[in-house]
Each structure stands twice: as C-alpha cells, then as structure tokens.
Amino acid sequence: MHMSAKVHMARTSKYNNENTALYSLKPKWRAGLYIRLSREDGDRAESESVSSQRAILQKFVDDNPEITFSDYYIDDGWSGTDFERPSFCRMLADVTGKKINCVVVKDLSRFGRNYVESGKYLETVFPLFDVRFIAVNDGVDSYANPQSMNNVIVPFKNIINDEYCRDISVKVRSALDIRRRQGKFIGSFAAYGYKKDPLDHSRLIIDETAAQTVREIFQKFLSGHSIMGIARELNARAIPNPSAYKVRSGLNCVKSGTLWCDATVRRILKNEVYIGNLVQKKNEVISHKLHVCKPVSEQNRIRVENTHEAIICVEDFEKARALLARDTRISPTSKTLSVFSGFIKCADCGRAMQKRTVKQPYKTYDYYVCSTYKKSRQSCSKHAVRSDELEKTVLAFLNKYIGVAVDFDRLAKLVEASQKTQKATVKIDEELKKCEREIAKIKGNILDLYPDYKDGIIDREQYFALKERYENSVNTLEATVESFKAQLEKVKDGKVGGNEFISTFKKHSGLAVLTREVVVELIENIYIQADGGIEIHLKFKDSYNAAREYFSESKNQTAAIDKKVIK
C-alpha cells in the first residue's frame, strides 16, 4: 500500500477514536437531585442539612460528566415514613414523563424510611422505567455498580432506617403522654374561650372575649334555648364561630366558614375544658407508617383535672351534660324548649311524651301525649295530660319539698347547736382515733414477730399463732373504725353544708313560677300514668333519706315534716 494511503487511514482511525471518546463523555443521565429533611431528622428549617445535602449532590454531579443536572426536588419538613410528599410526587411524574432518568440522593434514609415502600421503588418502579438510582454516601449505584443494589446491604439499611423512625415515633408518643399526664396542653390551638399563656404555651388562660360567648351558650341552653336556636342567634348577631375567631385573632388556622352550627354548640357544651379539666389524646395516629388518625376510647384518654381556670362551674356543666342526654327535639322554627322538654315520659312504655297544641275558637291549650301511642295505638295508651295542669301540679309538689328542705335546715341548726350532739360527736371522734392508734400498735407488733422468729426467740407455731391473733384483732378494729366513720358521716350529711337536698332545694324558697332552670336542677323525671296521674321523681333522693335518718335519730325532730318518702 502506498505510504500516503497508510497515513490517511491512520489519521482517519485517530479521528474516529477521538469522536468515540468525545461521544462517550456526552451526558447520558438526566438527574433529579432529591433532598428530604423532617423533624424526626433534626429539622432546623431550610437548614444546614438541606444546604449540606444540596452541596454533596451537586459536587457528585460535577465530578461525573456522564450525569447532567436536571432539577432539584426538595421535601423540607416531610417524614420519610410515607411517600406522599409533594416534591417526591413531582419527581415521579418527571420519571414517568421521561424528563429525568436518574435519581440521586445523599443516602438511603433521605430517600425514605419505610422499608416496604422503599423496596418497591428501588426494586420495581425504577427498573421498570430504566431509572438509575444513586445513594452517594452509601455507595449505591444501580448502573455503575449493579451489585450494590442486589446485595443484602440495601434492604438491611432500609430496615435500619425504618426501625429508627419507629423508635423515634415511640419515644415521641411517650414524651407527649408524659406531658399530657402532667396537665400540660400540647395542642396546636387552644379551645374556643381560651388562649395559650404567652409565658408558657403548655398552659391555658382565659380569652375573655370568647369566654363571654361560652358563658352565654351555657346560660341559654340551661334556661331552655334549643341548640339550633342558640346557633341561629349567634349567627344573627354576626359573632364569628371558633375557626373564624382564630383566624381573626391572627392564628394560622384553616378557616371553615364563619357561621355557627348545632354541632359546634353541642361540642362546646360537652367539652370539659370549660370546667378546668384537660382531656387529651382523643385521637392518635395508627402507626408511624400510616398517618391516619383513629379515635381513642373514653377510658384510654388522658384526663387531668384543675389544670387551668374554669369558665363554667361544675354544677352548670353537669346539668348541661345531663340535658344533652335527653330527648329534647323541637320544631325547626322554634328557638326555645318547653319547660318540661325531655323530662316527661310515659309511665308504661317509658318513651318520651310529645307536646301537642289544641286550637279552639275561644281557647288554645297544650297537652302531652305518649309518643308510642301516636305511632301505634295498639302498642300503648294515650297517657295524656294538659300542660297547664301539669305545671300547677309540679309547682305545688316542688314547693312542698322546698318547705321540707327549709324545715330540715332549721332542724339542722338546732341539732348542731345541741351540746349533747356536740359531746356525742366528740366522743365518737375520740373512740375512732383510739381504734386507729391501737391498729397501728398491733401492726407494729406483727412486724416485730418475724425478727423474733428468725432469732429463735419464738418457734414457728408460736409465730403463726400470734400473727393470726394480731391480724384478727386488726380486722375487728378496722370494722369498728368503719362504723365510727359512718356515724360521723351521718352527722355530716344532716348538716346544711353537707347535704345536697337541703342546700339545693332551700334556695328556691317561695317559688312562684316554674322555670326550666328549676326543672333541670330539681327534677329527675316525670311519669304520666294511663289515668292521667302524675308521678314526680326528684333528684337528691339519697341526700333526702340521709337527712331524714339523721334527724330521726335526733329525738324524732322530723315529726312535723311530711312522712311521704321522696321518689
């Protein structure tokens, strides 16, 4: 071959080799650089860790000319336990859209901390779309080093990352439960009527503006207003509902309308926070992997009393809770409940009585009828009673027992002033303390027996015989102590300050008009019999009987009081 031809071929070969080398250096991989950081990883907001990850990934791309940078995907503040992260989802869309074909992360924990989900993407999704996966610090590269993906190290590290997250979740839950049991508030937002103390965010203080609305809700409900009627009135006065009030107060709360509804009013009436109690952990996340909340049963919630100043007194709260449990349905157009709504029942079937109105040319009156009878006349009888007649009967009945309470109060003062009673009380108290001292002494003797037995001072039979004798003496004395305590309790129950029947009924002395507040406070239920008879069950039956027994033992000073037993 001619020399010039050989030179030409050599030059051509060299040129082709240079072109091949240049072609091989052209970027083949369009990389998405994924960065994730969450609180569980020590988040400090777009933090040094995010910046650090960004620098590590960018340097890796710069050092590998076959990889070209396409986009950053940053999930700052997102947990790795699930993959419903905004930037991760955007990255997946770019993978399926062929915008990127390479995913680069700092390490496997940045990709995710869910062992099952991480394995699904690394072993199924990415290979399906021919996506190269690189975890820089873990030395994982599905293209340059396929073996790094196929060995046991990758799933093992994913398990470790998953376990780390589970461990953190358990510790966080335990820490939160400890704070809850200490009576510290850990919610994002305080309940309507309260705000977080600026000096201690785990403590609630009263927000007087909203608290006034809470007081009004309770007052109106106890005075006979319906829940829907209360909501309508608040809306008519343009009072913002709890979520709107939070937004107006500058809190970062999602606004869900400005109107009150019956559910909101009912929730306030049932919330123990207004009597100074914190009931927390009402919901909990199912697991660290499944971020879905489920309700916690009543007995497993964490309840701490007297953690902050109350807005509503306990008595009013308990009345409201009792009323909520009653059937107090009314017509949609009505704002208030009738005086007896929820308290009148059929004596035979036990169902609530329905109120009906009769309109005649010269008069209009209301009456109550059995709801079962209204639906099926074969199931029960009418059990009807006029409303005005019922009010007269109930008013007279209540005044009768109000008089009894006043008499009890007078007798209590006389009995308490009696020197004889005082001496008897002192004597019982002295005997009680004497028994308690004797019990302590005998228990000390029991403790001393064992050393004597071990030292050989007494033998085994003597030890068990003496121990049994001492224990029998303790049992006898403890029974005597309980008897003395019961006697003192009777004295206490008979006193004005210790008897609910007396203290509650006597404050209504001179009752002239029957109101719903009085019915709620004094009456348990009213039963209407088939013949129209009225059976009234009052509250504080046990307190009434305790007072009667006390005064009966005090020289029968209850002779002037009506002997009829309260129902």
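How are α9 and α11 oriented to each other? They are roughly perpendicular, a class that covers angles of 65 to 115 degrees, with under 35 roughly parallel, over 145 roughly antiparallel and the rest oblique. This is a predicted model, in which local features need pLDDT of at least 70 and side-chain atom pairs count only at pLDDT 80 or more, while totals for chains, interfaces and linings use all residues. Residues are numbered from 1 along each chain as its sequence is written, and side-chain values use heavy atoms, leaving out hydrogens and water.

**Helix pair**

- Helix α9 (residues 227-236) packs against helix α11 (residues 262-270) at an angle of about 110°, and their axes are 8 Å apart.
- Axes are lines fitted to C-alpha atoms, for helices over the stretch in contact, and angles run from 0 to 180 degrees between N-to-C directions.
- Helices (H or I, at least four residues) and strands (E, at least two) are DSSP runs, numbered from the N terminus.
- From α9, Ile227, Met228, Ile230 and Ala231 meet Asp262, Val265, Arg266 and Leu269 of α11, contact meaning heavy atoms within 4.5 Å.
- The residues of this contact are six nonpolar, no polar and two charged.
- Ala, Val, Leu, Ile, Met, Phe, Trp, Tyr, Cys and Pro count as nonpolar, Asp, Glu, Lys and Arg as charged, and the others, Gly among them, as polar.

**Sheet**

- Three strands form an open sheet in the order β12-β16-β17, with mixed pairing; strands pair if DSSP finds at least two bridges between them.
- β12 (344-346) and β17 (534-538) are the edge strands, each pairing on one side only.
- From one strand to the next, the twist averages 25°.
- Strand β16 (residues 523-528) runs antiparallel to β17, joined by five bridges.
- Ile523 stands opposite Leu538 in β17.
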